[in-house]
Amino acid sequence: MSDRVVVIDLPTVYPGAAAALGANYAYFYAPVDLTVVYVSAAPSADDAGLTLAINDDGSAVISAFACADKDVPGTWKSKHMGGTNDAVTIAAGSKVSFTAANAANGTQIVGQMWALTGEVWS
């Protein structure tokens with residue numbers, strides 16, 4: 001096995017004071033196969049009910065997890081990182097996007113996604 005951990009900063013997008021983040025609010029294309037093992041995210045201000053999901057070509061591969069408290073980042077952890085979730089593989093060339101559900105107008109989300117590259121066995 002030849003793994004390397006890469007840390008991907010979640011896109012910080014300012015939706016404007018009168019707009020809210022929503023489905024597929026930001027994206028990037030995966031240059032290599034990625035196996036997501038950890039995600040941590042928090043809003044710019046407390047935002048009750050805010051959740052974040054990660055999508056592969058428009059379909060959620062990491063279900064929405066709570067990230068509503070700016071002082072306590074929400075996390076999604078795979079078994080690799082001491083959590084209960086199976087790691088999620090995203091193929092090279094996939095469009096990786098983010099969905100913020102229930103975001104208040106003007107809320108931003110910051111965080112990181114950790115992924116393994118190379119040959120990974122779950």
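Asp-56 is buried yet takes part in no salt bridge, and Lys-95, the nearest side chain of opposite charge, is 10 Å away. The model examined here is a predicted one.

Asp-56 belongs to strand S4, which covers residues 51-56. A polar contact of 3.0 Å links the side chain of Asp-56 to the side chain of Ser-94. Setting aside residues up to four places away in sequence, Asp-56 touches Val-61, Thr-89, Ile-90, Ala-91, Ser-94 and Lys-95.

## Charged side chains

Side chains of opposite charge can pair when their charged atoms come close. In this model the count of salt bridges comes to one. The side chains of Lys-79 and Asp-86 meet in a salt bridge, with an N to O distance of 2.8 Å.

## Aromatic residues

A pair of aromatic rings is described by the distance of the centres and the angle of the planes. The model contains four aromatic pairs. One aromatic cluster is formed by Tyr-25, Phe-28 and Phe-98.

Strand S9 spans residues 109-118 and includes Gly-111. Between Gly-111 and Ala-41 the C-alpha to C-alpha distance is 4.0 Å, while the two are 70 residues apart in sequence. With residues up to four places away in sequence not counted, Gly-111 touches Ile-8, Asp-9, Leu-10, Ser-40 and Ala-41.

Ala-115 is also found in strand S9. Its relative accessible area is 0%, and Ala-115 is therefore classed as buried, the cut-off being under 20%. Beyond its neighbours within four places in sequence, Ala-115 is in contact with Arg-4, Val-5, Val-6, Leu-34, Thr-35, Val-36 and Val-37. Ala-115 and Tyr-25 are 90 residues apart in sequence and 20 Å apart in space, C-alpha to C-alpha; Tyr-25 is a member of the aromatic cluster with Phe-28 and Phe-98.

Conventions: Residues are numbered from 1 along each chain as its sequence is written. This is a predicted model: local features need pLDDT of at least 70, side-chain atom pairs count only at pLDDT 80 or more; totals for chains, interfaces and linings use all residues. Side-chain values use heavy atoms; hydrogens and water are left out. Helices (H or I, at least four residues) and strands (E, at least two) are DSSP runs, numbered from the N terminus. Contact means heavy atoms within 4.5 Å. A salt bridge is a side-chain nitrogen of Lys or Arg within 4 Å of a carboxyl oxygen of Asp or Glu. Rings of Phe, Tyr and Trp (its six-membered ring) pair if their centres lie within 6.5 Å; planes under 30 degrees apart count as stacked, over 60 as edge-to-face and the rest as tilted. Buried means under 20% relative accessible area, exposed over 50%, partly exposed in between (1.4 Å probe, protein chains only). Lys and Arg count as positive and Asp and Glu as negative; His and the chain ends are not counted. A polar contact is a pair of N or O atoms within 3.5 Å; within protein, one must be able to donate a hydrogen and the other to accept it, and residues adjacent in sequence count only if both atoms are side-chain atoms.
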